[in-house]
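Subject: Structure for your files

Hello,

Here is the structure I said I would pass on. My notes on what was found follow below.

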Amino acid sequence: MGLKIRSLGVALVVLSTSRAWAECHAQAHQRERAVLDQMNLVRQDPAGYAFHLEDMKSAYQGRERRLSTNQFLETQEGVPAVDEAIHVLQTTTPRRRLEWDDCLAQSAQEHVDDTGPAGLIGHDSSRGESSSHRIRRYLPRFRMIGENISYGSDSADEVVRQLLIDDGVPDRGHRKNIFEPHFNRAGVACGPHAKYGVLCVIDFAQD
């Protein structure tokens, strides 16, 4: 992890500050909606989505997964974790769609803004506030909540695949959140992370 992306040069930056910010914000919002779309794909057709994980297996060399010609991601479990996730997807019944929730997205965005620049990891804030307390400030009424965080994955499909495989997480809690049948709403926020390059926070709820 901790992949670095090199800029091609500042000479290409010709947009005004406000226009550049607006375009970056629009792209980020599209990525966050795309994460929700990917989760809905896997919730509504788990067995069909298993083929996306099958395609990943050829990229593994032992516990390392090739991301590009010169970029490798070191995993803890390697292909066995992928095989397990594939089996789960093939045997899981479809779930209902998750609807976008602005309040949950704002809660997720707060955690991105708080922990990303400092390179912090985990669900608690820099002040020690738990994710449940943070979410409650944005969504006072709920029956059930959950949170997933992905580090180092820049594209929506990679974010969801990482959480489905849940490499190195013994209870596969991220995968369980994606398939939790009671959840019906979600909000997503992604942004820069000082250690892993990027993080995406996904907050779930049953209203």
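Two strands count as paired if DSSP finds at least two bridges between them. The model is predicted, and with that rule Tyr60 stands opposite Arg65 of strand β2.

Sheet. β1 and β2 (residues 64–68) are joined by two bridges in the antiparallel sense. They belong to an open sheet of three strands, ordered β1-β2-β3, with antiparallel pairing. The edges are β1 (60–61) and β3 (71–74), each of which pairs on one side only. In general, strands of a sheet pair through backbone hydrogen bonds.

Helices. α4 (residues 102–115) packs against α5 (residues 131–138) at about 135°, and the axes are 8 Å apart. Angles over 145 degrees count as roughly antiparallel and 65 to 115 as roughly perpendicular, so α4 is oblique to α5. The crossing of α4 past α5 is right-handed. On the α4 side the contact is made by Cys103, Leu104, Gln106, Ser107, Ala108, Glu110 and His111, and on the α5 side by Arg134, Ile135, Arg137 and Tyr138. By type, the residues of this contact are five nonpolar, three polar and three charged.

Disulfide. The count is one disulfide. Cys190 and Cys200 form the link, with their sulfur atoms 2.1 Å apart. The cut-off for the sulfur pair is 2.5 Å. The link of Cys190 and Cys200 is right-handed, with 110° about the S-S bond. Cys190 lies in strand β6 (residues 185–193) and Cys200 in strand β7 (residues 197–206), 10 residues apart.

Regards

Methods. Residues are numbered from 1 along each chain as its sequence is written. This is a predicted model: local features need pLDDT of at least 70, side-chain atom pairs count only at pLDDT 80 or more; totals for chains, interfaces and linings use all residues. Side-chain values use heavy atoms; hydrogens and water are left out. Helices (H or I, at least four residues) and strands (E, at least two) are DSSP runs, numbered from the N terminus. Axes are lines fitted to C-alpha atoms, for helices over the stretch in contact, and angles run from 0 to 180 degrees between N-to-C directions. Angles under 35 degrees count as roughly parallel, over 145 as roughly antiparallel, 65 to 115 as roughly perpendicular and the rest as oblique. A crossing is left-handed if the near helix is turned anticlockwise from the far one by less than a right angle, and right-handed if clockwise. Contact means heavy atoms within 4.5 Å. Ala, Val, Leu, Ile, Met, Phe, Trp, Tyr, Cys and Pro count as nonpolar, Asp, Glu, Lys and Arg as charged, and the others, Gly among them, as polar.
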